[in-house]
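Biologist: Could you take a close look at the place where the two chains meet, and walk me through it slowly?

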There are 2 protein chains.
Amino acid sequence: MAKPNAPITEHLAYLLAQANREINRQLELRLSKEGVPVEQWRILKVLSDGNGHSMGELADAVLLNHPTLTKMIDRMVSDTLVYRVQDPNDRRKVLMFISDRGKVLSKKLNTLAVDQEEHILESYGNKSTSELKRLLESLIDSSN
Amino acid sequence: MAKPNAPITEHLAYLLAQANREINRQLELRLSKEGVPVEQWRILKVLSDGNGHSMGELADAVLLNHPTLTKMIDRMVSDTLVYRVQDPNDRRKVLMFISDRGKVLSKKLNTLAVDQEEHILESYGNKSTSELKRLLESLIDSSN
DNA sequence: TTGAAAATATTGAATATTCAAGAATTGAAG
DNA sequence: CTTCAATTCTTGAATATTCAATATTTTCAA
């Protein structure tokens, strides 16, 4: 399996990159209706539980590294989608919260994202989709 | 499936991004032994069939857009890993070829990449891996 | 055959990301 | 208690990516 001369299309790393790129492109296209990059959808979705999340926690959850997240959050604060509060229990930390405006946007974005998943379900099938999700979760687990 | 309030970890787009990030990180780590980014491994691997590949073809194959590829190829030409030849049949095109030095490096990189796949196979299992590959291929197919 | 449209690749400016360093706070050992 | 290491976040410079425009060549219709 995956011999040295195998074509690149047989490598798991490549297949994942290719699938991710394609699905991401489709999602990007939908979210662009609201002028929002995929990462901001992720941020709003995580924060929409209403709890405060530290920057480190957020960075992990939305798959961005710290400095990139800081700068993206700066923009979202300017757009009044989220706001910062210093953590009273540990003042090194900053807790991020979603604003009312952010909640409204988040709902619209979720609709678009769910649309996409339904579109995938139609062309790809219910069974394949849930099986793929299961395998991905287990791959991620086994990598920690 | 994938209701509006479902956590982000249930979205296919997110699971793919997460798995891709993790596997890519591991591969990056191995390839860094040779000081080469993942994209250059892909380029060398595609070119190592010995045929000339146009920039457009390459860009598709290695999942980069045109300007990014052009600039990465510039660096690889400086490192004498690849070289450009104008396509005699269509002079708008540039054909990329791998050099001897590139072939030597490509072999080393393939070893590292195969190592990684074997490592995944061990912790994740043979059956899961091939099933995941099958599903990813089919997802990519159904998206075109 | 000519001229306009399409295809291919590159360039330069604008934008985004990353790396390394810094500032503030906490933890914990002596 | 004090001090030094670790944690958390941000900043600025270096690097990389992207968008829009350009140059070149080909295609194809009139």
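Modeller: Across the interface of chain B and chain A, 16 residue pairs are in polar contact, both residues being at pLDDT 80 or more; a polar contact is a pair of N or O atoms within 3.5 Å, where within protein one must be able to donate a hydrogen and the other to accept it, and residues adjacent in sequence count only if both atoms are side-chain atoms. This is a predicted model, in which local features need pLDDT of at least 70 and side-chain atom pairs count only at pLDDT 80 or more, while totals for chains, interfaces and linings use all residues. Residues are numbered from 1 along each chain as its sequence is written, chains are lettered from A and ligands numbered from 1 in the order in which they are written, and side-chain values use heavy atoms, with hydrogens and water left out.

On the side of chain B that touches chain A, the elements that give two or more residues are H1 (12-31), H2 (38-47), H3 (55-62), H5 (100-124) and H6 (126-142) of chain B, helices being DSSP runs of H or I with at least four residues, numbered from the N terminus. The largest share of that side, 14 residues, comes from H1(B). In total, the contact (heavy atoms within 4.5 Å) takes 56 residues from chain B and 54 residues from chain A.
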